[in-house]
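Visitor: Can you walk me through a few residues here? I'll jump around a bit.
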Amino acid sequence: RFQVKPRRRREGKTDYRARGKMTRQEKSKFNSRKYRIIVRFTNRRCICQIAYATIRGDMIVAQASSSELGKYGVPCGHKNYAA
């Protein structure tokens with residue numbers, strides 16, 4: 001029988017083999033978190049997140065966006081500067 005692939009695989013957003021390899025934790029490190037940095041570039045800004053994976057889903061610990069640079073005296077160029 002034909003089995004439909006998961007939604008994010010059909011949309012081409014998630015490579016589950018690469019994700020499993022990246023988030024897999026050693027068995028000796030039971031119940032400890034494996035943090036990773038996620039960087040996303042949109043048309044207007046750059047977004048950086050620190051996350052870890054759980055059974056319920058990914059938990060975001062911290063987030064920084066290049067749109068916050070205006071608070072620190074950078075008036076423009078939010079796409080070119082790293083968050």
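Visitor: What does arginine 33 touch, leaving out residues up to four places away in sequence?
Guide: Arginine 33 touches Gln25 and Tyr52. Contact means heavy atoms within 4.5 Å. This is a predicted model, where local features need pLDDT of at least 70, side-chain atom pairs count only at pLDDT 80 or more, and totals for chains, interfaces and linings use all residues. Residues are numbered from 1 along each chain as its sequence is written, and side-chain values use heavy atoms, with hydrogens and water left out.
Visitor: Where is arginine 33 found?
Guide: In the loop between H2 and strand E1 (35-41). Helices (H or I, at least four residues) and strands (E, at least two) are DSSP runs, numbered from the N terminus.
Visitor: Is cysteine 46 buried or exposed?
Guide: Cysteine 46 counts as buried because its relative accessibility is 3%. Buried means under 20% relative accessible area, exposed over 50%, partly exposed in between (1.4 Å probe, protein chains only).
Visitor: And where does threonine 14 lie?
Guide: In the loop between helix H1 (7-10) and helix H2 (16-23). Threonine 14 is buried too, at 13%.
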